[in-house]
Amino acid sequence: MNEFLHSPLFALPLSLSAFWAGVCIYRRSGTVLFHPIVTASLLVTALLYTLDIPYGDYQQASALLYALLGPAVVALAVPLKQNLTVLRRAGWPLLVTITVGAFLAPTVAVLIALLFGAGESVLLALSGKSITTPIALTIAEKIHSAVSLTAGIVILTGVVGALATPPLLKRLSIRDERILGVVLGINAHAVGTARALEISALCGACAAFAMGLCGALTALVLPLIVGG
Amino acid sequence: MTLPSLHNIVHWLIGAAILFGCERLGSLASTILVLPVPGAVVGMLLLLFGLMIYGGVPRGLAQVSGQLLFLLPLLFLPAAVGVFFLRNLTLSDWLALLAAIVVGTVISLVLCALLLRKLLEKSGEVGRDE
């Protein structure tokens, strides 16, 4: 029994059912505060604590899910290609904003953390904050940053960004859905894109495009900066 | 639920093979050329250029990618759970993290929005006909 609890035979169905429950809760609640990743990770954590399973065992037993992360990053090329038409219509302003945003988001975060006197591991993990989790995790491995911390930061950033963007832009009286989409994609990656898709197809396309490009840019540049 | 036809399954398999193939190719290129970029990202760029040359997205690839991207949160669930088991961070680390995430995200999203509006106005592309 004990062995079973620590094997993939237990870990995989556990992850699957927690994710499924998370998706159901998210669809019912209709707010990104209950994004599947938030509820699912809380569910799994609660179960691991009650059953007294060490996190390391669960992580090892989930190797199959990790193995699919690489192909999932590759799959991001598909929405990027499908939304290239957005770029053709809004052109260079989009490219400039995404490039600036890709640098701005982590820089501001790292500066604030420095102000608070955070340790190096925190600063490293923050550098991948606003890019989509699969890319952030592959970068984290490359720059030897804590994978779990990175995942947590990225997810929290996504939730904060997706919650804050629509009301903030309304205050700035920005109604252009392209701006809303791009800002969501840059600052709130996949969670923001999910939110953008709820607003409109155009908004979602802008978000998916911004998210993919922002992630690729960061992946190209960040290892050079940190490694150098 | 209707059973997928053999035709569809072949399409899906081809789509999955393209994804895995690009990932392997990207990883290989990343190791051989000692690139600082993660192999999977090289694979993503390879696929993007491939699709741009091909001029479309094969149906099977679009479906498999859609499924995989829907399942994304599941794939990084184990990593996300790890946050609750972090022990080596001090309280001030946590505070710095929270401040950086919340304040940093708000600052950066406002600046991005203002910048894009400005640029769109400059290029005369802003939707005045709304």
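Asp52(A) is exposed, because 8 other C-beta atoms lie within 10 Å of its own and a residue counts as exposed at 12 or fewer. The structure that contains this residue is a predicted model. Asp52(A) belongs to the loop that separates helix H3 (36–51) from helix H4 (55–61) of chain A. Its phi is near 60°, a positive value in a residue that is not glycine. Most residues other than glycine have a negative phi.

Ser173(A) is not a glycine, yet its phi is positive, at about 50°. Ser173(A) sits in the loop between H10 and H11 of chain A. Ser173(A) has 7 C-beta neighbours inside 10 Å, so it also counts as exposed.

## The two chains

Chain A contains twelve helices and zero strands, and its pattern along the sequence is α-α-α-α-α-α-α-α-α-α-α-α. For 228 residues, a compact globule would have a radius of gyration near 17 Å; the value for chain A is 18 Å, which agrees. The C-alpha trace of chain A spans about 60 × 45 × 35 Å along its principal axes. Buried residues account for 57% of the 228 residues of this chain. Of the contacts in chain A with a separation of 6 or more, 61% are between residues 24 or more positions apart.

Chain B has six helices and zero strands, in the order α-α-α-α-α-α from the N terminus. Its radius of gyration is 21 Å, whereas the globule rule gives 14 Å for 130 residues; chain B is therefore more spread out than a compact globule. Taken along the principal axes, the C-alpha atoms of chain B fill a box of roughly 55 × 55 × 45 Å. In chain B, 40% of the 130 residues are buried. Among its contacts between residues at least 6 apart in sequence, 49% join residues at least 24 apart.

## The interface between the chains

The contact between the chains involves 67 residues of chain B and 88 residues of chain A. On the chain B side, the elements that give two or more residues are helix H1 (6–32), helix H2 (39–54), helix H3 (59–70), helix H4 (72–75), helix H5 (77–81) and H6. H6(B) gives the most, with 25 residues. By class, the side of chain B that touches chain A comprises 53 nonpolar, nine polar and five charged residues.

## Helix packing

Two packed helices are described by the angle between their axes and the distance between the axes.

| Helix pair | Axis distance | Axis angle | Crossing |
|---|---|---|---|
| H10(A) and H6(B) | within 9 Å | roughly 45° | right-handed |
| H10(A) and H11(A) | 7 Å | about 140° | left-handed |
| H5(A) and H2(B) | within 7 Å | roughly 35° | right-handed |

H10(A), residues 147–171, crosses H6(B), residues 91–122, at roughly 45°, and these helices are therefore oblique to each other. On the side of H10(A), the contact includes Ile153(A), Leu156(A), Val160(A) and Leu168(A), among others; on the side of H6(B), it includes Leu97(B), Ile101(B), Leu109(B) and Ala113(B). By class, this contact has 13 nonpolar, four polar and no charged residues.

Within chain A, H10(A) also packs with helix H11(A), residues 177–199, at an angle of about 140°. That angle makes H10(A) oblique to H11(A). Residues of H10(A) in this contact include Val154(A), Gly158(A), Ala162(A) and Pro166(A), and those of H11(A) include Ile179(A), Val183(A), Asn187(A), His189(A) and Arg195(A). The class totals here are twelve nonpolar, seven polar and one charged.

Thr157(A), Gly161(A), Thr165(A) and Leu169(A) are among the H10(A) residues that meet H6(B), and they are also among those that meet H11(A).

Gly70(A), Val73(A) and Val74(A) in H5(A) meet Ala40(B), Val41(B), Gly43(B), Met44(B) and Leu47(B) in H2(B). This contact divides into six nonpolar, two polar and no charged residues.

Technical notes: Residues are numbered from 1 along each chain as its sequence is written. Chains are lettered from A and ligands numbered from 1 in the order in which they are written. This is a predicted model: local features need pLDDT of at least 70, side-chain atom pairs count only at pLDDT 80 or more; totals for chains, interfaces and linings use all residues. Axes are lines fitted to C-alpha atoms, for helices over the stretch in contact, and angles run from 0 to 180 degrees between N-to-C directions. Helices (H or I, at least four residues) and strands (E, at least two) are DSSP runs, numbered from the N terminus. Angles under 35 degrees count as roughly parallel, over 145 as roughly antiparallel, 65 to 115 as roughly perpendicular and the rest as oblique. A crossing is left-handed if the near helix is turned anticlockwise from the far one by less than a right angle, and right-handed if clockwise. Two residues are in contact if their C-beta atoms, placed from the backbone, lie within 7 Å. Ala, Val, Leu, Ile, Met, Phe, Trp, Tyr, Cys and Pro count as nonpolar, Asp, Glu, Lys and Arg as charged, and the others, Gly among them, as polar. The radius of gyration is taken over C-alpha atoms; the globule rule is 2.2 Å times the number of residues to the power 0.38. A residue is buried if 20 or more other C-beta atoms lie within 10 Å of its own, exposed if 12 or fewer, and partly exposed in between; C-beta atoms are placed from the backbone.
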